[in-house]
Amino acid sequence: MTDPIDDSDAEEPTLFRDIVAFMAAKKVSTKCPACGSASWDLIGTEDAENSLWPVIPTRGLTVDGNTTRMASRVIIAECNNCGFLRFHSYRTFEKWKAQKNKEGASKEIADE
Ligand SMILES: [Zn+2]
């Protein structure tokens, strides 16, 4: 995430690129709150054969008192200078992406 707006790298995975676009659209600060660096990496991998993104494991409680395992998908950005970690909800990213796709589809229909 060193250069969040640069789309010139065609080899960059789609999900990674979308997350960077999401953060730019939401005006997420590129400045690390711990050290002030503006160099970040996302924790996760994505390529043609493999995609691995983090989850936070937790437990849920049903209405009848049973617990169940749950996992929340998260976007984790790591400061390349000091290792500070910050978390963003993957759900919020998905909502943004769905809205963006909906707007894109509406625009395509309007352009016809
Ligand atoms: Zn830092």
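Analyst: Two strands pair if DSSP finds at least two bridges between them. Helices (H or I, at least four residues) and strands (E, at least two) are themselves DSSP runs, numbered from the N terminus. The model discussed here is predicted: local features need pLDDT of at least 70, side-chain atom pairs count only at pLDDT 80 or more, and totals for chains, interfaces and linings use all residues. Residues are numbered from 1 along each chain as its sequence is written.

User: How many helices and strands does the protein chain have?

Analyst: The protein chain has two helices and six strands. From the N terminus on, their order is α-β-β-β-β-β-β-α.

User: How do you know that β4 and β5 pair?

Analyst: Strand β4 (residues 55–61) and β5 are joined by seven bridges in the antiparallel sense. The strands form a hairpin with five residues between them, and G65 in the turn has a positive phi of about 90°.

User: What makes β5 and β6 a pair?

Analyst: Five bridges join β5 to strand β6 (residues 85–89), and the two run antiparallel. E78 stands opposite L85 in β6, while the bridge partner of A77 in β6 is R86. In this hairpin, five residues lie between the strands, and G83 takes a positive phi near 85°.

User: How many bridges join β1 to β5?

Analyst: Three bridges join β1 to β5, which run antiparallel. This number meets the definition, so β1 and β5 pair. W40 has C79 in β5 as its bridge partner.

User: Why is K27 called exposed?

Analyst: A residue is buried if 20 or more other C-beta atoms lie within 10 Å of its own, exposed if 12 or fewer, and partly exposed in between, with C-beta atoms placed from the backbone. K27 has 7 other C-beta atoms within 10 Å, which therefore places K27 in the exposed class. K27 belongs to the loop between α1 and β1. Its phi is near 55°, a positive value in a residue other than glycine.

User: Which residues make up the largest nonpolar core?

Analyst: A nonpolar core is a set of buried Ala, Val, Leu, Ile, Met, Phe, Trp, Tyr and Cys residues joined through C-beta atoms within 7 Å. The largest one here has eleven residues: I19, V20, F22, M23, C32, W40, L42, I75, A77, C79 and F93. At least two core residues come from each of α1 (14–25), β1 (40–42) and β5 (67–79). The largest share, four residues, comes from α1.

User: Which residues does I19 touch?

Analyst: I19 touches L42, I75 and F93, not counting residues up to four places away in sequence. Such a contact requires C-beta atoms, placed from the backbone, to lie within 7 Å.

User: In the protein chain, where is confidence lowest and where is it highest?

Analyst: Confidence is lowest in strand β3 (residues 51–52), at a mean of 79, and highest in β6, at 95. Over residues 1–7 the pLDDT is below 50, although this stretch has 13 contacts in the model beyond near neighbours in sequence. The mean pLDDT of the protein chain is 85, and 83% of its residues reach 70 or more.

Terms used
Contact = placed C-beta atoms within 7 Å. pLDDT = per-residue confidence, 0-100.
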